[in-house]
Amino acid sequence: MRRVPAGVWVLSVGPEGARGNITVSSLVPVSMEPPSVLVSINHSAEVYPLLEKADVFAANLLAPDQHEVAAHCAEHFEGEARFARGNWMENQGQSWLAGARAWLLCRTVQRMAFATHEIFIAEVESVALGDGQASALTYADGAYGSFSPF
Ligand SMILES: Cc1cc2nc3c(=O)[nH]c(=O)nc-3n(C[C@H](O)[C@H](O)[C@H](O)COP(=O)(O)O)c2cc1C
């Protein structure tokens, strides 16, 4: 799977003071009716207990200039230290990463455990788009890069 170039998201859950985040590439669409996605989260992740209890979470699709935020949110920082990189804003009880390429508000509707991971299926309640930059942050072969159309 390292060979597959993937988009990079940071999931964030909860308000400032009681929040967590995690860098993920496993977020993929499920259906359009209703708009829905799935994401696979390791049970050992710091954010897992928060995600398990929360009804909703935010999904921030990263732009290429946010690769340092992606790297930070993939490390073992605890609590508020996970938000030390990036320009985080509060809205609807969630933290959102300013400058992202797109933002989804996701409501978990089903969960399934498989081995080390929990698969969350979530309906997308709202979508917002960034400033229309054509490029996106990607991850492949253990390295960050960027996608641009021909
Ligand atoms: C590009 C990238 C994609 C990742 N995708 C996932 C993912 O889909 N699910 C997951 O559980 N962890 C994923 N990880 C690993 C988590 O980001 C990382 O284990 C976690 O944030 C480490 O902190 P923690 O163990 O304190 O939670 C990914 C890491 C990177 C760099």
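Guide: Let's start with strand β6 (residues 56-61), which pairs with strand β9 (residues 102-114) in the antiparallel sense over 6 bridges. Two strands count as paired if DSSP finds at least two bridges between them, and the elements themselves are DSSP runs numbered from the N terminus, with helices being H or I of at least four residues and strands E of at least two. Along this pairing, V56 stands opposite R107 in β9.

Before going further, please keep in mind that this is a predicted model, in which local features need pLDDT of at least 70, side-chain atom pairs count only at pLDDT 80 or more, and totals for chains, interfaces and linings use all residues. Residues are numbered from 1 along each chain as its sequence is written.

Now stay with R107, for it has a bridge partner in β10 too, namely E123. Strand β10 (residues 117-129) pairs with β9 in the antiparallel sense over 12 bridges. In the hairpin of β9 and β10, 2 residues lie between the strands, and A115 takes a positive phi near 50° there. As background, most residues other than glycine have a negative phi, and most peptide bonds are trans.

Q92, in the loop between β7 (88-91) and β8 (94-97), has a positive phi of about 55° although it is not a glycine. Q92 is exposed, with 11 other C-beta atoms within 10 Å; here a residue is buried if 20 or more other C-beta atoms lie within 10 Å of its own, exposed if 12 or fewer, and partly exposed in between, with C-beta atoms placed from the backbone. D141 sits in the loop between β11 (136-140) and β12 (143-147), and its phi is positive as well, near 50°. D141 is exposed, with 9 other C-beta atoms within 10 Å.

The peptide bond to look for is the one from E33 to P34, which is cis, with omega near 0°. P34 has its place in the loop between β4 (28-32) and β5.

Next, follow the chain back to the loop between β8 and β9, where you will find G99. G99 counts as partly exposed, with 15 C-beta neighbours inside 10 Å. Leaving aside neighbours within four places in sequence, G99 is in contact with A63, Q66 and N87, a contact being two C-beta atoms, placed from the backbone, within 7 Å. The C-alpha atoms of G99 and N60 are separated by 9.4 Å, although the two residues are 39 apart along the chain.

The ligand is worth a stop too. It is surrounded by 17 residues, the closest being V24, S26, N42, E46 and A74; a residue is near if its C-beta atom, placed from the backbone, lies within 6 Å. Both β3 (20-24) and β5 (35-42) supply at least two residues each to this shell.

Finally, step back to the whole chain, which has 2 helices and 12 strands. From the N terminus on, its elements run β-β-β-β-β-α-β-α-β-β-β-β-β-β. Of its 150 residues, 31% count as buried. Among the contacts with a separation of 6 or more, 64% join residues 24 or more positions apart. The C-alpha atoms fill a box of roughly 40 × 35 × 30 Å, taken along the principal axes.
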